[in-house]
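Here is a short tour of one protein model, written for someone who likes to know the cut-offs behind each term. Please have a look at the chain before reading on.

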Amino acid sequence: MKRISVMIARLYAPAPVLVAAGWGLSFAVEHARGLLGAQGAHLAGSLLALLGTALGVVWALLASWRLYLWLRGVEQGRCPCGGLLSQPRRKRHGQPYRKCLSCGQKLPLVAASLADSETGA
Ligand SMILES: [Zn+2]
């Protein structure tokens, strides 16, 4: 699998998971009629399915926006391999880092921000 395919798969993977989770929860709630009543279970199930679908669509739109910025070269930060970086993450007791969605390399945030401040000042 090419690196750009891996990057796109990692970028969009949460969207179908969100939709499937919404529909799965909807299915589970629809069968909990004893707790919510028939009308309440149907309403809650519909809302959960709608919420899951909406979150999945929003996630896919944001991923598309980040991909668009990356393709235009305006995305902040880029891995030495050219890949798109994840949102900042923090190790349990370590410094914050961003993970490359293409090669999986973890790049510390401190070095990038120091380099940016040196060039900006
Ligand atoms: Zn990389």
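In what order do the 3 strands of the open sheet stand? They run E1-E2-E3, with antiparallel pairing. Strands E1 and E3 stand at the edges with a single partner strand each, so one side of each is left without a neighbour in the sheet. E1 and E2 pair over 2 bridges, and Arg-89 stands opposite Tyr-97 in E2. Pairing here requires at least two DSSP bridges between two strands.

| E1 | 89-90 |
| E2 | 96-99 |
| E3 | 106-108 |

This is a predicted model, where local features need pLDDT of at least 70 and side-chain atom pairs count only at pLDDT 80 or more, while totals for chains, interfaces and linings use all residues. Residues are numbered from 1 along each chain as its sequence is written.

The protein chain holds 4 helices and 3 strands, in the order α-α-α-β-β-β-α from the N terminus. Both are DSSP runs (helices H or I, at least four residues; strands E, at least two), numbered from the N terminus.

Now to helix H2, residues 14-30. Ala-15, Leu-18, Gly-22, Ser-26 and Val-29 are buried in H2. These buried residues fall within an arc of 70° seen down the axis of H2, so they line one face of the helix; the arc is taken over directions from the helix axis to the C-beta atoms. Pro-16, Phe-27 and Ala-28 are exposed on the face turned away from the buried side. Buried means 20 or more other C-beta atoms within 10 Å of a residue's own, exposed 12 or fewer, and partly exposed in between, with C-beta atoms placed from the backbone.

Key
Expected span 1.5 Å × (residues − 1).
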